[in-house]
Amino acid sequence: MSRSLLIATLGVLGAGAFVLGAHAQSSSASASESLLTMQKNANDWVMPTGTYNNWRYSTLKQIDTSNAKDLQVAWSMSTGTDRGLEGQPIVIGNMMYYQTSYPNYVYAIDLNHTDRIAWKFEPPRDSNAPPVACCDVVNRGPAYGDGMIFVDALDGMVYALDAKTGKVVWKAKNAHPTKGQTMTGAPMVVKDNVIVGVSGGEYGVRGYITAYNVKTGKRVWRAYSEGPNKDMLISASHTINGATGKPVGPHSSLKTWKGNEWKIGGGTTWGWFSYDPKLNLMYYGSGNPGTWNPTQRPGKNRWSMTIFARNPETGAAKWVYQMTPHDGWDYDGVNEMVLVNVDDHGKTVPALVHFDRNGFSYVMNRETGAPIAIHKYDKSVNWATGINPKTHEPIVDPAKMTTANKNVKDICPASQGDKDEQPVSYDPTTKLFYAPLNHLCMSYQAFNVKYKAGFPFVGAIVNMVPGPGGYRGRFIAYDPMTGKATWSIHSMFQDWGGALTTAGGVGFYGTLKGMFRAVDLKTGKILYQFKTPSGIIGNPMTYMHDGKQYVAILSGVGGWAAIGMTNHLHKSSAGLGAVGLNATLTDYTNLGGTLMVFALPSKVASAH
């Protein structure tokens, strides 16, 4: 099927020598033990999220609130692609690595010689993959471990590349595009495993995550989002439902689906992973159930829309918590889990914080899965009036519940959510979360649809509009324990790129128009902004090289927010409503991929 036909059907859619730092060499210790040590070195950015706890925070402070106004472009590089760039570089020693959107080029840049490419890896192209990528052919970046760079390719291949040469050490097939399965997420290396997810919820893909051995690429375990407990690596007696505090029991998923609908039940896993080494638990979320028509799948549809806590060595689930039972709005639960400790009634509790697409922020006990605090982080949220204090499930407004053949209007948020996968950052000094957000509402008309492998399995017509006030995006400083925002910056379009905070008191993020910004974390004042060549949906990161702090961002508009531009769509309801929502985006930016790197002038940097 051609890409244009698919979108219409959906209604959417050379090597050089270099030296690695000694700390980056392979050793007998587990890969995660090495990474735990490496992530303490603020000069590097050793994993997609910066650290296992997903803070996206750096202790570097050469760039601060007094001099951020002096930032300038240090160097830049074309990515050789023109589709959306949703990832970020990583830096190991004097080497930078980053991955592009399809065809998933992987670049290695020696930071001592930024005018040349140390090596480039181009995986074989599978023409079956781009047509079944629902929301652009994006990728969220490479990971490092044990002297190798690990990457997901859109066609479902996982590659381990020698960090020195770019040569393939091993490869594994994790997804099959002919079944609608693709890969767009970032891997996580933990213990001796590389853990990856899968995309394809709009094709009836039954979601799963998979662990591969770092050294050999052999599959260690796979855990599904729906189905028999044994397939999900869930124990009827030992896995806890965080909402009830009790074991999930037998058939915890099967009894919440009609017949065999679970086999095409969605729950894909294309978001970010985090890891707590003390508890030895990893955390992630699952996406929407298939189809988008809730009438076709009665029941709570577990465990789609769920936070999972798993042992990364065995995959065994310790606890689960479903945020949006029987989803009727496409409120994927894949957004990142940020691991922090919170004060709960005078007691310090290990927690995770999650900004869900459904408009609620969740503070959960990350050891037990018990809710600590749940708040609406956008006041416009109206699909649910709140959270039931006994069941810890949403109190759905019946007037906003979608059903087949009914056009339900004025639902907030829209399917893109009040936040999609664009990651937040946590600053331990202010103890606030800095969140790039959407601010959208929609009308939603569900209809019956038949499943066929590799073909769209959506069943909804969606039209999205800006939220109250007429703007589409916000960047906020937020306390999830109180549900209060300290300050907010409104944006014309969604703030679809991630956030970074630093010990210099400066936060960084980009806008769909392509503005790269530095802001004062305490006040929200914009200290610096620069118009990059294309809109930004990537995530800033920072590193230190030769005594100078740099901040890097991938500029390249795309993703669901700009699917009209990437796929040349014009009908308002196309792209599941994204085309009409952002029809004027072409007045402000254009396609094209560029790695942008910023720093202070040498005189200013040396003074700090």
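Visitor: How much space lies in the largest cavity?
Guide: Happy to start there: this is a predicted model, and its largest cavity holds about 290 Å³ of space. The cavity is lined by 26 residues, and the closest to its centre are Cys134, Cys135, Arg140, Glu202 and Trp270.

Visitor: What makes a space like that a cavity and not a pocket?
Guide: A 1.4 Å probe fits inside a cavity but cannot get out, whereas a pocket is open.

Visitor: What classes of residue make up the lining of the largest cavity?
Guide: Ten nonpolar, seven polar and nine charged residues form the lining.

Visitor: And which residues line the second largest cavity?
Guide: That cavity has a volume of about 80 Å³, and its lining consists of Met47, Pro48, Thr49, Ala186, Pro187, Met188, Val189, Trp272 and Phe273. By class, eight are nonpolar, one is polar and none is charged.

Visitor: Let's turn to Asn293. Why is Asn293 called buried?
Guide: Buried means under 20% relative accessible area. Asn293 has 0% relative accessibility, so Asn293 counts as buried. Asn293 sits in the loop between strand E18 (281–285) and strand E19 (306–310).

Visitor: How do you know that the side chain of Asn293 makes a polar contact with Phe447?
Guide: The cut-off for the N or O atoms is 3.5 Å, and a polar atom of the Asn293 side chain lies 3.1 Å from the backbone oxygen of Phe447.

Visitor: Which residues is Asn293 in contact with, leaving aside neighbours within four places in sequence?
Guide: Those are Thr403, Ala404, Ala446, Phe447, Asn448, Val458 and Gly459.

Key
Residues numbered from 1 in each chain as written. Predicted model: local features only at pLDDT ≥ 70, side-chain atom pairs only at ≥ 80, totals over all residues. Heavy atoms only, no water. 1 Å grid on protein atoms, 1.4 Å probe; cavity = no way out; pocket = protein on both sides within 12 Å on 5 of 7 lines; lining within 4 Å. Points joined across faces, edges and corners; volume = space filled by probe spheres on them. Nonpolar A, V, L, I, M, F, W, Y, C, P; charged D, E, K, R; others polar. Helix = DSSP H or I, 4+ residues; strand = E, 2+ residues; numbered from the N terminus. Buried < 20%, exposed > 50% of the residue type's maximum accessible area, 1.4 Å probe, protein only. Polar contact = N/O pair within 3.5 Å; in protein donor to acceptor, adjacent residues only side chain to side chain. Contact = heavy atoms within 4.5 Å.
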